[in-house]
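Please look over the model below with attention to how its parts meet.

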Amino acid sequence: MLQALANGLMLGGLYACIAVGFSLVWGVLNIINMMHGSLIIFAGYVTYFIWYGTKLSPIVLLLPVIIALFIFGYLLQYLVINRVVKRPVLTTLTLTFGLDMILYNFMNSFFEATPRRISLNWGSFTIADIVLPIDRLVAMALAFILTFVLYLLLRTSKVGRAIVAVRMDRDAASLMGIQIPQIYAITFGLGAAMAGACGVLFAVAFPVTTNISGLLLGKAFVICVIGGLGSVPGALIGGLALGLIESFGSHWFGPQNAITIGFILMLILLMVRPTGLLGVKGYE
Amino acid sequence: MNKSITAFLLVFITLAAMPFIADNYFVKLATFIAMYSALALSWNFIGGFTGYPSFATAAFIGLGSYAGAILQNAGINLVTAWVFASIITIIFAAFLGFAILRVKGHYFAVGSIAVVEVLRLITSSWSSFTGGGDGLNVKIMEGGPDFAGRVFLYAMLCVMLLAFLTTLWVDRSKFGFGLKAIKQNEDAADMVGINVTIYKIAAFSLSAVFCGTTGAIYASWIGYIAPVDAFSILTTLKVPVMVLLGGEGTVFGPVLGALVFVILEESVWAHFLEANQAILGLIIVFLIFFLPGGILKIDYRKLLAKIRGVKGA
Amino acid sequence: MSKLFLKIFSIVGILFATNVIYAQETIKIGAPLALTGGLADEGKKQQIAYDMWLKKVNAAGGIQVGNKKMKVELITYDYQTDEKRAQSLAEKLITQDKVSFLTSPFGSGHTKVVAGVAERYGIPVVAPVASSESVFNQGYKNLFGTLAANSGIVSNMVTLFTKQYPQTKKIAILGREDVFPKAMAAEMKIYAEKAGLEIVFNELYPVGTLDHAASLSKIKAAKPDWIYVSGYTQDLVLARKQMSDLGVNAPIITMITGPAYKEFTDALGPLAEGISSATWWHHSLTYKSKDVFGSTTDFYKEFVAANKSDPDYVHASSAAALIALQMAIEKAGSLDKDKVREQLASLDVITFYGPIKFGSNGMNQSRELPIIQVQKGKVVVLYPDAIKQANLQLVK
């Protein structure tokens, strides 16, 4: 039982990281970024190949990957997505879906779908009969730290507060002199950067393959609904919640049903409290 | 309006004549075009007319497939199974609609995708009933490929025709007017006295019924269904793209979009072995930027201006 | 203007004529493959094997059909791991490209779809990578699979392992909810029970599981002597890693069909040590045959020379499927579909891949399928005795 709790929390930390970038983009730009899963996997592959070639620890790679993906996201938003950012969800979703197909194809052609695993073999340590694999612990810890850093960024820095202002009321923010396209680009860049970070951490603990990019995206959806959009603490809570639900669900109902429970919960929440546990009233 | 009907008839008759003018490959292609047209027309009810971007299409197709397959395996005859599958789908859609149509926009979109996943997962686990990951066999129809090809072509064409007629009716009726009002401004529509909830559920149910029928027909056609393919996320994302391509909210748009999409897929990018997904992605991006209203709503001057780089009005 | 027209006409005419002439001289075999999408890696393996066979056959002048030799043309389409496209492309190959025979892609589900189309047209299909009984249970007369049935693998394994280590009493079974792995899990349950083992855990995980921690924790608590997991490479790699993380261990760990693939051993490195499995073919087998390769060793040598890596059963079975087709055509002496089908149904030969004899449902007869284990980083054969290299070792 306690093991299930530990498993759930460790998974949850990673899940939170998956969702936080996605939630930010959705909450601020009103865009459902279908590329999010693929961006995570992309970062995972890059990490793997650099590790394979140079044996550099993935932790070291965290910062460069984050920066690289931030730039990628920023440019993508500024040059491409910005043109359609005001359109309804169907349009933006379809656009990111199309972009995702391009990225996915690219990864399949260059990296191939074979599962790649970074063998770190850090082992695990045991407390009172509960086994805690170190790589997952590290991934969870880093996920929390990064999420916290992002939170601080949003709360205290000038840019961060501008982002929050745009999320709350775009027109008012614009009237206050905030450059909306700039903020959008930065936000998307941040979203991509977090996806990148998640990818690096993911590669530490899981085999990387393009086959699961859709799965990761699905988790991001569920977490955002559970935790609330555009809110970093929300993504955290949502991630932990999903991790725990899947872990206990698997424990009690069998692995077959664990994932289903997550989705059903999401549907129920959508009907009853769409803004999630911590969300500010999101966009319609 | 008459233009739409004429255009439709042209497409319809060409497809129906396929067995007499070309070989089975084209008959199959025509069947796919008819199927996707029916799906696109269905989506149009909730996505085009009412403005609720639904990604639940695959949920209804899958449900229809499994309902049809299970009924057929239980001994019920072909067409009856299809009809029952459609009824089951529409009932499911009505209940589902009652639940998730309370939310709009993004949440609705996300919820509808979730439904597809949930149904897939349930189908996959409930193996005693659905065969789970093994999938379900359906007895292949006797009679050789030419005969079978024709049967299924005409079956799909029937559904396509029904969907089109329903679209025509909806477009001209008070019901359709109400839906379009909801799309424009739901609260205002509500205040004017339109029973928004009933209208939305009706549109959603309409968007489901033909999907269920095509799903059931498809199961009988292929002879085998499995959860991952029956509840295919790719399909559920492709169908709105087809409608966008042709022109959402119009009468003929979905058919045109389905036609162009399937032909493009068959002739153009299937030949690029490694890059076919990327090309589909590029086509989608192109569509979003240069054909925002779909082919039917192309404003040629604006289009040229955009291509030249000048920001359109 | 008319000159241009004449030019075009003559070019078209020549092309048409050569096409027609060319078409009559080659045997067309259709190959729908997943070259992109989720099953792309497997599809590419099939392609490599097909190409090897094709080169050899055409280098020798082609297949002997009656009193002349005809070259083979393999028409490949990528069906993008999408079921609808698989169906549509199978039909295209038959009606447009006018293939005489088909091969089927990796995996049971899509094999079934292609077989369904072929059955309608009466076109013989050879299936190199489908081994579940449920694929062959629709009464198709045109479907012939070179992999033997799943059950053969498990029964021998249970007998061998329990004989060598009679203290093995408890087994935990974890399977993937997907045609083949599910069947393997079910088979193990049957044979384990027959052998008197106690099944302490038996569950299926859904397609797309990212985390096995919950199941593995339960397995750990049950303290089994034998852990048996089925799934595709990425599932097994993840499961093994998580087992190591969570301290889940047992003296015998079997993963179907993990070690049969190089990707598995590469990804796990030292963690793959001691994992046992079974496979439909191993390159250390010593069959001698009258096919284009001549013997298992020769096939192996050629493959390694061309690809710098070892072939696995997917490669071998794919080449074998085409060899079976070739032999049937040669025996029939013609390309007539009914005659070839008859010859396929009555085929009883030894190939570099092993014996090929199709049963009444189209599956290759069961035989002694190799059981393997990773020992000191290499894959060794434990069974059958004829090619045994080592005994089963317990996992440390």
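**Domains and chain contacts**

Chain C is divided into domain 1 (20-131 + 285-364) and domain 2 (151-279 + 370-387), with bounds that come from an automatic or database domain assignment. This is a predicted model, in which local features need pLDDT of at least 70 and side-chain atom pairs count only at pLDDT 80 or more, while totals for chains, interfaces and linings use all residues. Residues are numbered from 1 along each chain as its sequence is written, and chains are lettered from A in the order in which they are written.

**Within chain C**

- The centres of domain 1 of chain C and domain 2 of chain C, taken over C-alpha atoms, are separated by 31 Å.
- Between these domains of chain C, 9 residues of domain 1 are in contact with 8 residues of domain 2, where contact requires C-beta atoms, placed from the backbone, to lie within 7 Å.
- The side of domain 1 of chain C that touches domain 2 of chain C has 2 nonpolar, 5 polar and 2 charged residues (nonpolar: Ala, Val, Leu, Ile, Met, Phe, Trp, Tyr, Cys and Pro; charged: Asp, Glu, Lys and Arg; polar: the others, Gly among them).

**Chain A with chain B**

- The contact takes 35 residues from chain A and 35 residues from chain B.
- Helix 4 of chain A gives the most to the side of chain A that touches chain B, with 15 residues (helices, H or I, of at least four residues, and strands, E, of at least two, are DSSP runs numbered from the N terminus).
- By class, that side of chain A has 23 nonpolar, 10 polar and 2 charged residues.

**Chain A with chain C**

- Here 31 residues from chain A meet 27 residues from chain C.
- The side of chain A that touches chain C divides into 13 nonpolar, 13 polar and 5 charged residues.

Conventions:
Two residues are in contact if their C-beta atoms, placed from the backbone, lie within 7 Å.
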